[in-house]
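Visitor: I have just opened this entry. Could you take me through it?
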Amino acid sequence: MDQLPFLARLLALSCILCAPLPALALDQAQVEQGAARLYRERIDELRRAHSLDTDSAFHARVERILQPLLAQAARDYPVSAAWSWEWHTTPDGDENAFAMAGGKLLLSRAFTRRLELNDAELAMLLAHEIAHAVLLHNLREFEQALRLDPQWAARPFAELEHAVDHDQGLMRRLAPLNQQQEEEADREGLKLAWRAGWPAARLARYFQKLSRNSYAPYLDSFAHPAPARRWQAARLLAEQLEQPPGIR
Ligand SMILES: [Zn+2]
């Protein structure tokens with residue numbers, strides 16, 4: 001008589017065990033695993049299109065500027081010390097630059113050429129991307145999505161991963177956090193590159209170029225503060241950092 005409920009319980013248990021991992025178990029390791037998969041897909045796509053690491057001089061320039069910044073990040077953010085950073089360059093004009101969890105970077109030569117970035121300005125761009133990674137911005141974004149809509153906890157993580165980049169409704173609700181994260185990556189990235197030895201005022205000029213090249217320098221975009229506002233914040237921070245220690 002007890003057999004049916006037992007079977008029902010067994011069936012329910014087996015469904016739980018074979019269900020995809022829910023987002024509730026969200027942690028940095030899971031986020032890094034997902035980022036590594038998405039990064040690999042994008043990199044493979046660029047490789048198939050013969051758009052990966054095609055300019056050895058540009059690649060070498062990025063590496064020369066990047067390595068000391070990564071060493072500084074390992075000192076300042078112990079979470080990143082064990083990461084195997086991976087970076088690639090592309091001539092693809094559709095990309096600008098991005099960083100993914102666990103230290104996965106992509107940088108577009110077209111973007112740096114369009115802005116005519118010198119080495120200090122390129123260091124600022126790279127430091128901004130490094131800051132996103134070491135500040136665990138991907139994880140914080142997923143956590144915020146879970147707070148906004150706890151139902152995500154019952155769904156597979158891969159769905160949430162896709163939604164933060166494609167679900168317009170969710171993206172709109174995440175926009176305030178994204179804006180904050182951009183400001184934080186600007187600020188902490190500039191400080192990181194400055195600690196690595198770059199003059200703060202030269203780093204800040206990256207934002208001046210960004211603003212000058214923008215079609216709408218005074219308008220916030222979906223996820224970024226207005227370029228003119230970013231330039232003003234960077235200029236003020238550079239002034240503070242370059243003041244003698246007694247005044248700072
Ligand atoms: Zn950013």
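Visitor: Which residues is Ala193 in contact with, leaving aside its neighbours within four places in sequence?
Guide: Apart from those neighbours, Ala193 touches Leu69, Ala123, Met124, Ala127, Trp198 and Leu203. Two residues are in contact if their C-beta atoms, placed from the backbone, lie within 7 Å. Please note that this is a predicted model, where local features need pLDDT of at least 70, side-chain atom pairs count only at pLDDT 80 or more, and totals for chains, interfaces and linings use all residues. Residues are numbered from 1 along each chain as its sequence is written.

Visitor: And how many residues has the largest nonpolar core?
Guide: That core has 48 residues, and Leu69, Ala123, Ala127, Ile130, Ala193 and Leu203 have the most contacts inside it. A nonpolar core is a set of buried Ala, Val, Leu, Ile, Met, Phe, Trp, Tyr and Cys residues joined through C-beta atoms within 7 Å. A residue is buried if 20 or more other C-beta atoms lie within 10 Å of its own, with C-beta atoms placed from the backbone.

Visitor: Which helix gives the most to this core?
Guide: Helix H5 (residues 119–134) does, with ten residues. Helices (H or I, at least four residues) and strands (E, at least two) are DSSP runs, numbered from the N terminus.

Visitor: At what angle do the axes of H5 and H9 cross?
Guide: The axes of H5 and H9 (residues 200–212) cross at roughly 80° and come within 7 Å. Axes are lines fitted to C-alpha atoms, for helices over the stretch in contact, and angles run from 0 to 180 degrees between N-to-C directions. H5 is therefore roughly perpendicular to H9, a term for angles of 65 to 115 degrees.

Visitor: Changing topic, what is the order of the strands in the open sheet?
Guide: The three strands follow the order E1-E3-E2, with mixed pairing. Two strands pair if DSSP finds at least two bridges between them. E1 (86–90) and E2 each have a single partner strand, so one side of each lacks a neighbour in the sheet.

Visitor: How many bridges join E2 to E3?
Guide: Four bridges join E2 (residues 97–100) to E3 (residues 104–108), and these strands run antiparallel. Phe98 stands opposite Leu106 in E3.

Conventions
A residue is buried if 20 or more other C-beta atoms lie within 10 Å of its own, exposed if 12 or fewer, and partly exposed in between; C-beta atoms are placed from the backbone. Angles under 35 degrees count as roughly parallel, over 145 as roughly antiparallel, 65 to 115 as roughly perpendicular and the rest as oblique.
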